[in-house]
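Colleague: Can you walk me through this one? I have the sequence and the model open.

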Amino acid sequence: MSISTTAQAIRNIAIIAHVDHGKTTLVDAMLRQSGTFRSNEAVAERVMDSNDLEKERGITILAKNTAIQYHNSKINIVDTPGHADFGGEVERALKMVDGILLLVDASEGPLPQTRYVLSKALEAKLTPIVVINKIDRPDARVQEVLNEVYDLFIDLDADESVLEFPVIYTNGKAGTATMDIDVPGTDLQPLFELIFKTIPAATGTPDGDLQVLVTNLDYSDYLGRLAICRVFNGTLKAGQEISLSKIDGHIETVKITKLFTFHGLKREDTTETEVGDIIAVAGIPGITIGESFCALENPKPLPLIHIDEPTIAIVFSVNNGPFAGREGKLVTSRNIKERLERELLTNVSIRVEDTGTPDNFKVLGRGELQLSVLIEMMRREGFELMVSRPNHRHQARQ
Ligand SMILES: Nc1nc2c(ncn2[C@@H]2O[C@H](COP(=O)(O)OP(=O)(O)OP(=O)(O)O)[C@@H](O)[C@H]2O)c(=O)[nH]1
Ligand SMILES: [Mg+2]
C-alpha cells in the first residue's frame, strides 16, 4: 500500500494573524475570485463572520471552514480568530491543516498574537507562507515589517529551511496580491498559485486503516451537533458502522448517518469521503473534539488534542433582586442551566461547574471577551441573569 496524494490534490490551510490584520477580508476575496458565488449573488462583507456578534463587533470569534475550487483542486481554508481570548480555536484549527498563511499588517507589523499563533504553527511543523497585508495603507512600512517577521521566526527558533518561507504582498480589501512589491497586483492569482506551489498536498492512504480526527464542532438546528473532522487515512462512508475512540479511552460503535464535505460556504451531502479532506459528520450525540473515528477491527486512534485550561471564572446567578423579570423572560435557574448546557455542546473552551447552590453557576473560560460574548448572546435571547466580577487567578481543576 503506497502513500498517495488525493485524486484532486487537496490543500488544507489555516489563515492566522493578530486581531484585525485582515484574515476574514482576505478569505472573502479568495471566495469571490474562485467563482464560489454566482455572479448575481449578493454576498455580505466578511461573510465568514457569520454570527450576529461577529458581524457587529467586526471580529472573528469561532474558527470556520470554507473550501474553494481552484482548477481541478480543492483548497480547504480555516479562518481563525485573532483575538487572544480565542487562541484555543487557533490551536485546534492547526490540527486540520498542512500549511498556514501568516498574515501581518504592513503597518503594525507582528504583534503578540502573531507570535503566539506562529509558535503553535512551528511546533506543529506546518509549512508557512508569509502574507504582508494592507500594503495600501499610507503608513505601510513593508520592508521593515518583513524584517520584523524574519526576526520573529529566528526568535522562535525556526529551522533554517523554514526561514526560506515565501512572501507575498496583498491588499485584501481590493483582492490583489503580488510577489514583487514594486509591481502592483491585479487579482489573487499569485496567491492561489503560491499556495499550490508551497503547501504540500494532503496525503494518506484511501484504502488504509480508517483514521478521522474530530478537530472542531458546529451546531445546526436541523442536524444537531456536527463534528468537523480531517480524514487522515481511509474512507468514511455514509451508513457505515465504525469505531469512535472517545477521549476517556473507551471505544464505541457508531453508525454514520450523515456525511458532508465543504464547498464554498455550504456543506454538501456526500456518501464517501476523500482522504485528506475536511468533512462534517452529523448524528453522533456526545461526540467531541479530539476523538477519532477508526476501523471496527483493530482501531488505531489518533493522538488526543489538548485544549487550553480556562484562566478566568465568572459566576452566573439568577436575578433575585426586586427588579427581577423586567429585562428578560428567561429568568429561572432551570432556564439558565439548560442554556449553559446547550453552550457546552459546541463551545469546548468553556466549562461550567456547580457551586453547591442551585441559583449560581460558575462559568470558566479563556478571557473576559469570550465570556462577555456569551453573556451578551444570552441577554439577546431573552435571558436575565446577574454576573459576578471575573476571577482571574482562578486555578482550573485538573
Ligand atoms: N486598508 C486595508 N484595510 C484592510 C485590508 N484588509 C482588511 N482591512 C480592514 O481591516 C479590518 C479588519 O479586517 P478583518 O478581515 O475583520 O480582520 P481579521 O484579521 O479577520 O480580524 P479578527 O478575525 O477579529 O482577528 C477591516 O476594517 C478591514 O476592512 C487591506 O488590505 N487594506
Ligand atoms: Mg476575522
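Modeller: A term to begin with: two strands pair if DSSP finds at least two bridges between them. Keep in mind that this is a predicted model.

Colleague: Fine. Which residue stands opposite Thr 261 in E15?

Modeller: Glu 268 stands opposite Thr 261. Strand E14 and strand E15 (residues 266-269) run antiparallel and are joined by 4 bridges.

Colleague: And how many residues lie between the strands in that hairpin?

Modeller: There are 2 residues between E14 and E15, and Gly 264 in this hairpin has a positive phi near 60 degrees.

Colleague: What about E14 and E16, how many bridges join them?

Modeller: 4 bridges join E14 (residues 258-263) to E16 (residues 278-282), and the two run antiparallel. There, Leu 259 is opposite Val 281.

Colleague: New topic. Which residues coordinate the magnesium ion?

Modeller: Thr 24 and Thr 60 coordinate the magnesium ion (ligand 2), each through OG1, at 1.9 to 2.0 Å. Thr 24 belongs to helix H1 and Thr 60 to the loop between helix H2 and strand E3, so the pair ties together parts that are 36 residues apart in sequence.

Colleague: Is Thr 24 buried or exposed?

Modeller: Thr 24 counts as buried, because its relative accessibility is 6%, and buried means under 20%. Thr 60 counts as buried too, at 8%.

Colleague: Which residue other than glycine has a positive phi near 50 degrees?

Modeller: His 71 does. His 71 sits in the loop between E3 and strand E4 and counts as exposed at 66% relative accessibility. Lys 125, not a glycine, has a positive phi of about 55 degrees; Lys 125 is in the loop between helix H4 and strand E6 and counts as exposed at 68%.

Terms used:
Residues are numbered from 1 along each chain as its sequence is written. Chains are lettered from A and ligands numbered from 1 in the order in which they are written. This is a predicted model: local features need pLDDT of at least 70, side-chain atom pairs count only at pLDDT 80 or more; totals for chains, interfaces and linings use all residues. Side-chain values use heavy atoms; hydrogens and water are left out. Donors are N, O and S atoms within 2.8 Å of the metal (3.2 Å for Na, K and Ca); water is not among the atoms, so sites may look incomplete. Buried means under 20% relative accessible area, exposed over 50%, partly exposed in between (1.4 Å probe, protein chains only).
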